[in-house]
Amino acid sequence: MKIAVFSTKAYDKDYLERYNTFGFKLTFYKVRLTEETAHFAKGHDAVCVFVNDQITAEVLEILKEDGVQMIALRCAGFNNVDLEKAMELKMPVLRVPAYSPHAVAEHALALILTLNRKTHKAYNRVRDMNFSLERLEGFDLYNKTVGVIGTGIIGSVFAKVVKSFGCRVIAFDVKENEELTAMGVEYASLEDLLPQCDIVSLHCPLLPSTYHLINKETLKLMKPGSMLINTSRGALVNTKHVIKALKSRHLGYLGMDVYEMEDKLFFRNLSEKIIEDDQIARLLAFPNVLITAHQAFFTDEALTQISKTTLNNVNEFANHLPLTNQVTF
Ligand code: NAD
């Protein structure tokens with residue numbers, strides 16, 4: 001199998017080559033998969049893509065014409081793939097459903113603890129010989145109420161982590177997780193959950209039903225001064241509305257690892273560039289906002305699992321084996 005790997009970073013090449021026990025021929029492209037770059041895959045059997053590659057109907061048509069037979073996602077989310085078109089063209093889409101739920105859940109916790117205890121500010125202060133504590137005050141997580149939206153693989157690990165801090169955990173999902181209810185996690189509707197929570201963490205996928213789940217109406221329901229954490233997908237949150245909620249001081253803190261317009265920014269060094277996106281600039285100007293650039297998955301364990309599963313997915317396809325991780329809808 002010849003695989004065209006798009007959006008390649010040094011670490012992708014390193015891990016994919018390390019675990020390529022199948023002897024696949026890998027061609028690495030730094031560029032994203034778009035309509036303009038799709039023809040780079042000509043002569044390959046599969047494309048391997050990441051969260052911001054654009055697997056649109058047009059791209060799929062080009063890939064099909066150029067002989068590509070399958071799409072190997074090296075991520076869990078698949079909101080960037082036109083699944084209907086892929087199905088119509090008989091191009092299976094395979095993903096990595098669970099690589100390290102701990103990586104993402106622990107990053108959500110890192111955002112909470114950093115925003116709360118302001119360790120990022122303390123680090124800079126102390127390095128500057130400023131040993132004052134003014135404005136570094138935080139709050140105990142113990143006894144606080146945490147809302148978990150989406151209690152699948154990552155959300156349930158996150159719920160257990162915050163439970164171990166002595167938090168009360170309320171969850172919202174279209175289906176209940178019995179293991180969590182047995183641990184004392186309470187399920188509630190979104191409307192009932194939001195006003196009760198000191199912290200709300202999003203762990204549901206981006207679907208038409210979850211697009212802008214956090215908007216001006218749902219933000220109004222959140223407890224004044226509470227914290228919103230998004231490590232799931234940017235478009236779960238209406239960015240304009242969240243900026244308004246921060247300006248009005250209704251929303252107390254925002255931690256985000258994903259951003260609605262991240263495809264024009266994330267995974268690149270733009271430090272010497274003029275940023276056209278005024279919303280990210282506004283968000284970065286708030287002292288109570290912490291942004292990381294889609295790094296929640298970025299641990300050794302997760303990268304290992306992503307590479308192994310991605311290559312195994314291609315192997316199953318190549319050998320006409322049952323496709324364990326095929327995305328269906
Ligand atoms: P999962 O499929 O195991 O869990 C998702 C949960 O959301 C399920 O329990 C599902 O029932 C629930 N859900 C579906 N529709 C819902 C709705 N309308 N309202 C509430 N809940 C709903 O997925 P997962 O592995 O836990 O991953 C969750 C998300 O995390 C992924 O979709 C992906 O977008 C994101 N993610 C981000 C990173 C990162 O690096 N930031 C890494 C991996 C995954």
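What distance separates the centres of domain 1 and domain 2, taken over C-alpha atoms?

Modeller: This is a predicted model, in which local features need pLDDT of at least 70 and side-chain atom pairs count only at pLDDT 80 or more, while totals for chains, interfaces and linings use all residues. Residues are numbered from 1 along each chain as its sequence is written, and side-chain values use heavy atoms, with hydrogens and water left out. The centres of domain 1 and domain 2, taken over C-alpha atoms, are 30 Å apart. The contact (heavy atoms within 4.5 Å) takes 13 residues from domain 1 and eleven residues from domain 2. Domain 1 covers 2-99 + 300-327 and domain 2 covers 101-291, with bounds that come from an automatic or database domain assignment.

The size of an interface is often given as the accessible area lost when the parts come together. Here the buried area, meaning the accessible area (1.4 Å probe) that two parts lose on being put together, summed over both, is about 940 Å², and carbon and sulfur atoms give 53% of it. On the side of domain 1, Arg32, Asn52 and Asn79 supply 44% of the area buried against domain 2, more than any other three residues.

Across this interface the rule finds zero salt bridges, a salt bridge being a side-chain nitrogen of Lys or Arg within 4 Å of a carboxyl oxygen of Asp or Glu. The residues of domain 1 that touch domain 2 divide into seven nonpolar, four polar and two charged, where Ala, Val, Leu, Ile, Met, Phe, Trp, Tyr, Cys and Pro count as nonpolar, Asp, Glu, Lys and Arg as charged, and the others, Gly among them, as polar.
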